[in-house]
Amino acid sequence: MNLDALIENFQKKDVSAFEKLYNMYGENICGVINVILKDSERSKEICQDVFIKVWNNSSSYDASKGRFFTWILNIARNTAIDELRSKSNKEQKRNLSIDSFVGILEETEEMGNQVDVIGLKKMLKGLKELCREIISLLYFKGYTQKEAAEELGIPLGTVKTRNRNCISQIRKNNAL
Amino acid sequence: MDVEKYIASGILELYVSGALSPKENEEVQGYARQYPEIQKEIEAIEATILDLTKKASPGMPPTSFESIASKIKKDDSPIIELDSKPKSGWVTYLGWTASIILAIGLVWTYLQNNELKSDIEVTNKTMEQLKDSLSNIKLEITNKETILEELRNKDVSVVLLQGQQVSPASYAKVFWNASNEVVTIDAQGLPSPPEGYDYQVWSLTLNPLTPTSIGLLSDFDSNEDKLFTLENTNESQAFGITLEPEGGSETPTLEQLYTLGTVGP
């Protein structure tokens, strides 16, 4: 069954289609949340909440407005950012860095954390700080192109081309 | 359109991240449908992000979907039940109708009950009032019977007191029972005494003329029957009633003699 048909069934409240989508994207969404929260246990809980939201709001997904993954990515990061804001200031300060990968690459020795640090490091190898910042803002913090340009103090067009270069670098690292 | 250049612009990476405006999204989708290279590139970019995010996953227990499924099924179960039994629609309507009728019935019964309760309360109060007035009436009757009995006593002599100069229209009757030394004055024929004055009853002996007070017609206005009972131990030959300052006088004020009558032989 192709993705479009699967999504269509999911929107008709077919639980088995939903399970297939969960198996396709579950780990990725939990990973996005973990990059934002840097708390593996809490991330697992929030990840479940996100998929319940996805189910409850299935009718609001409109294929003409973007990719299905982009839609659930948006729900996941909004939920995770809300969770982050509801936490104490101390916790927030840890996440003040624009580069979301800072914590996740260093705090992986904790119990129950199965983050593939080696794989992550390999993917991010050779990436300049600006790259990690652009990717963090666009994919993990949900910034628009304009917001990212303002945050980083670079021209609007540069965000687009730089991001392209950064993703290409990751793809190259992945192909190695 | 230069597909290579479009891909190289970086717009597809922004499309996957969700950073584009709705209008830009539509444009990208239009081109993706038109050019398979663009669609392929979008999928490759998405795969890269999927790869990256999957590596950051804290790991999911194998049963994680079951716990999600149990939550969503719990939430949706009433809807599923209704959808899966469309044939039983009329039963549902009947059930609802019965429930509504029952509910209305319960409310009606409750209201009726409350009304009855308040009716009972009102009735009880009325009954209490009736009991009170009945006992008052009984008491009154008893009083009057006592008086009547007293007046009918064979030992009672009746003395008519005629109106005198001050008030010729006045009259009074004295029922004197010499055996039990009680006089009952019927003062119906006397006007109300002015403020600050009382009628005083005198027993008189005629030779020589000696008046002896036997009492006041006190609370004249509030005595509805105008029947007053006094004690008289005298060998009375006549009775007189005078108007005296409140509380009575030692000797009668003869200018204010209202009624006077002699005891018959």
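Visitor: How many residues of chain A are in contact with chain B, and with how many residues of chain B?
Guide: First, this is a predicted model, where local features need pLDDT of at least 70 and side-chain atom pairs count only at pLDDT 80 or more, while totals for chains, interfaces and linings use all residues. Residues are numbered from 1 along each chain as its sequence is written, with chains lettered from A and ligands numbered from 1 in the order in which they are written. Two residues are in contact if their C-beta atoms, placed from the backbone, lie within 7 Å. By that test, 48 residues of chain A meet 36 residues of chain B.

Visitor: Which helix of chain A gives the most to the side that touches chain B?
Guide: Helices here are DSSP runs (H or I, at least four residues), numbered from the N terminus. Those supplying at least two residues each to that side include α3 (40-56), α4 (68-86) and α10 (156-175). The top contributor, with eleven residues, is α2(A).

Visitor: How many helices and strands does chain A have?
Guide: Strands would be DSSP runs of E, at least two residues long. Along the sequence the pattern reads α-α-α-α-α-α-α-α-α-α. The count for chain A is ten helices and zero strands.

Visitor: What percentage of chain A is buried?
Guide: A residue is buried if 20 or more other C-beta atoms, placed from the backbone, lie within 10 Å of its own. Among the 176 residues in chain A, the buried share is 36%.

Conventions
Buried ≥ 20, exposed ≤ 12 C-beta atoms within 10 Å, placed from the backbone.
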